[in-house]
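Hi,

Here is the structure I said I would pass on to you. Have a look at it first, and then read on for what turned up in it.

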Amino acid sequence: MSKACILVLILIISIQSYAKEIIINPGENAQEELQEALILMSEGDTLIMRSGFYQFEDGISLDVDNVTVIGEGMNETILDFKNQQSGAQGFLVTSNKVTLKDFAILDAKGDALKVIGSKGINMINLRTEWTGGPKSTNGAYGFYPVESEDVLIDGCIAIGASDAGIYVGQSKNIIVRNSIAQYNVAGIEIENSYYADVYNNLASHNTGGILIFDLPDLPQQGGHHIRVFDNKSIDNDTDNFAPEGNIVGEVPRGTGIIIMANSDVEIFNNVMSGNATVNLSVVSYSDKTDDPNYYPHPRRIQIHNNTYGPGGFDPDIETGELAKALYEISNGNMPDIFWDGVVPISQMIFGQPNEDKLKMQENSDVSFLTISPLKYILGFSNPIKTEKKEFTGAINPLEPIVINGIQQ
Amino acid sequence: MKKKFLILLVLVLCSKLAAINNNLIISDSFPKKLSEFGFFLDDSAQTPHENVIPYDLISTLFSDYSYKQRWVYVPNNKKATYEENWVFNFPVGSALIKTFYYPVDDRNPELGKNLLETRLLLRKENGWEAVSYAWNDEQNEAYKKIAGKTINVSWTDFLGSDRDVRYRVPNVNQCKECHAAEDKITPIGPKARNINKKFDYDDGEFNQLAYWMSKQIINDYPKELVSPIDWMDEKQNINDRVRSYLDVNCGHCHSPTGNANSTGLYLHLDETRDVHLGLYKKPVATGRGSGGLKYSIVPGKPDESILLHRMISLDPGVMMPESGRALSHTEAVEMVREWILVMED
């Protein structure tokens, strides 16, 4: 072996020896021990939380880059916040290159796991849950990365959030996969975000399964490039329990997938079934806004090769405006796919640019309904369209998202 | 001879004890005990070293009715430089020291006080670092608390009512929640405009900026300064009072560069856009924090305004600020209520 080789070897060994393993066990002082370890750990370290029940009176937080925090399983290492007295979330992460794996966060008073401004956050095999079932007093979000980049949520379970089980907001480069969202108001929600792949997830027994939203007056808006595929959004049958005032409070029970005010969204190979209001809808943001930088209408939405089971059989006309309007206009014949047809006024008159149009490639027995807002406003007797032909065309597949070599 | 030696020894020791340990301020780690720094000649009585200068701010953050005593230390022969609209740029080796306490009885300072914690901001080579020391039950030493601490404390308020609070000493990460700008820790208080007021020193009453100048710890300060108003000053216009209060209590996070910028609600003094100040602004990711209300502020309708709801609440999933408060700030709540009530649509 050459001298240089030996030197390199020594260097590697010495680098590795710097990375510590820190072990925390449940017990009376676990909160302080864990929080202290989360503060004092250094780059490269791994913190291991042995299996058992950890009880917290205050939220905990991590602000060290390039570390791993790992439990011994989402049913074994339990962080319980039932007695939380302070902190707006259970666990807060504000650093980069962090991996969280194999533990559960239960009954946080606010959000369960919030991640702010992180570049490189992996959430793997984690569970967030409010154990008392769906209640408006539950915290808002299970998984809540915001203003982050390279966000991976993989193999996670989110139950009982009063807003969204898995919520990714104002972020970039996102993969949400192999996860389960149940008994939340929204199962999975991607909001004001760019470049996301949402695949191989199960969203069931929520109010709405999967939501792709964009809202005004925020630092990052104009959500785009989002692929939703190979998911099951089925039996979303929980009454909306979101506190009023929140945008998800307007989602009717029995919504499979809903896209609001995004561009370049591709929805394919999903199963949508048992959603009593409507399996798939594409809508504009309908509230008043003075934000000059905000575009409230969906553009370049592509829908293909999805499977539709029973839907629209018991629309929730009590919640929000959408279901009620659709129910009235369709005379109760709820479609598999609904587009509200709302476009800027000039496009209502002169037509939508071809490249912006909704595109569908679905089986012929999949029903579709859209409204001509102009005819509707002018009081035409039949302002609806159910023919898909106008909206068929070749699909332009969006590029997959790649994070650290991970991609579908 | 022996006696002389002993006296000498005592003198040497005393002068050692009375010295500020400059190396500890810039060291990589924090000592276990506050007394090791030597900021105080008498720690329990909080009698500062002569180079540790007390100061006060015009408008302050609410911290559960606790009292705060502040000191600044700048090493000999160094000066902090004036920065426009920002905190003084303190030299390496400086320290900002803040002790939180409750008097036994608000009405009678003679009855003594309970020291809770002393927070330090230390200017090291690579920037500021924050740490807090919690006082022991004997009140003669404060110990480093990296992960924070809960102190259950009670006192008698100005009305003679017994009050108690679950006071939280913040952990190091929580310090950063407020004391961060562009991901670096920074002081908030000692901006020239914030300390432009008189202070009653041992050697007389002086304007703090003039005093700092005379003590040669700052290089300069502008003679003309627009200072914030004291939100408690009822002679002032209510809008100015509320904006001053919101700026110091909310604006560090709720600004385009703060921790809460993703909300779109901006409460720092410079914000002028109605919707970003909360007028008819819908909640974004508020969850049950909305309390079933539709907008941050509905002019004329304080009870329909989420901002007020979250100021009143004591529920950790609802209340604002997210940390540092366990009690409702009744006086401020009343002021903000009035502000929203008279606000024109």
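This is a predicted model: local features need pLDDT of at least 70, side-chain atom pairs count only at pLDDT 80 or more; totals for chains, interfaces and linings use all residues.

Before the counts, a word on terms: helices (H or I, at least four residues) and strands (E, at least two) are DSSP runs, numbered from the N terminus.

**Chain A overall**

The radius of gyration of chain A is 23 Å, close to the 22 Å from the globule rule for 408 residues, so chain A is as compact as a globular protein of that length. Along its principal axes, the C-alpha trace of chain A spans about 80 × 55 × 40 Å. Of the 408 residues, 53% are buried. If you take the contacts in chain A between residues at least 6 apart in sequence, 63% of them join residues at least 24 apart.

**The strands of chain A**

What order do the strands take in the open sheet of 12 strands? In chain A that order is 4-7-10-13-16-19-22-25-28-31-33-34, and the pairing is mixed. Strand 4 and strand 34 (384-385) of chain A stand at the edges; each has a single partner strand, so one side of each is left without a neighbour in the sheet.

Inside that sheet you can pick out strand 25 (residues 255-260) and strand 28 (residues 278-283) of chain A, which run parallel and are joined by five bridges. There, A:Met260 stands opposite A:Val283 in strand 28 of chain A.

Some other pairings in chain A are worth a look too. Strand 5 (residues 67-70) of chain A runs parallel to strand 8 (residues 98-101) of chain A, with four bridges joining them. A:Val69 has A:Leu100, in strand 8 of chain A, as its bridge partner. Strand 8 of chain A is also joined by four bridges to strand 11 (residues 119-124) of chain A, and these two run parallel as well. In this pair, A:Lys101 stands opposite A:Ile124 in strand 11 of chain A.

**The nonpolar cores**

Which residues touch the most other members of the largest nonpolar core? That core has 112 residues, and the ones in question are A:Leu79, A:Ile105, A:Phe143, A:Ile166, A:Ile174 and A:Ile212. Strand 20 (residues 194-199) of chain A gives the most to this core, with five residues.

A:Phe143 is a handy place to start looking. Leaving aside neighbours within four places in sequence, A:Phe143 has contacts that include A:Leu113, A:Met123, A:Ile153, A:Ile166 and A:Tyr167. A second, separate core has 47 residues, and B:Ala95, B:Leu121, B:Trp128 and B:Trp212 are among them.

**Chain B**

Chain B comes to eight helices and 14 strands. Its radius of gyration is 22 Å, which agrees with a compact globule of 345 residues, because such a globule would have a value near 20 Å. The C-alpha trace of chain B spans about 85 × 45 × 40 Å along its principal axes, and buried residues make up 40% of the 345 residues in chain B.

The domain assignment of chain B gives domain 1 (17-214) and domain 2 (238-341). Their C-alpha centres lie 27 Å apart. The contact between them takes 19 residues from domain 1 of chain B and 14 residues from domain 2 of chain B. On the domain 1 side, strand 10 (162-169), helix 3 (172-178) and strand 11 (180-181) of chain B each give two or more residues. Strand 10 of chain B gives the most to that side, with four residues. By class, that side has 10 nonpolar, four polar and five charged residues.

Is B:Tyr245 buried or exposed? B:Tyr245 counts as buried because it has 27 C-beta neighbours inside 10 Å, where 20 or more are needed. B:Tyr245 lies in helix 5 (residues 238-250) of chain B. Not counting residues up to four places away in sequence, B:Tyr245 touches B:Trp231, B:Ala332 and B:Met335.

**Where the chains meet**

In the contact between the chains, 37 residues of chain A meet 35 residues of chain B. Helix 2 (30-40), strand 4 (58-62), strand 7 (86-93) and strand 13 (141-146) of chain A each supply at least two residues of the side that touches chain B. Helix 2 of chain A gives the most to that side, with five residues. By class, this side of chain A has 11 nonpolar, 15 polar and 11 charged residues.

Best wishes

Key
Residues are numbered from 1 along each chain as its sequence is written. Chains are lettered from A and ligands numbered from 1 in the order in which they are written. Two residues are in contact if their C-beta atoms, placed from the backbone, lie within 7 Å. Ala, Val, Leu, Ile, Met, Phe, Trp, Tyr, Cys and Pro count as nonpolar, Asp, Glu, Lys and Arg as charged, and the others, Gly among them, as polar. A residue is buried if 20 or more other C-beta atoms lie within 10 Å of its own, exposed if 12 or fewer, and partly exposed in between; C-beta atoms are placed from the backbone. Two strands pair if DSSP finds at least two bridges between them. A nonpolar core is a set of buried Ala, Val, Leu, Ile, Met, Phe, Trp, Tyr and Cys residues joined through C-beta atoms within 7 Å. Domain bounds come from an automatic or database domain assignment. The radius of gyration is taken over C-alpha atoms; the globule rule is 2.2 Å times the number of residues to the power 0.38.
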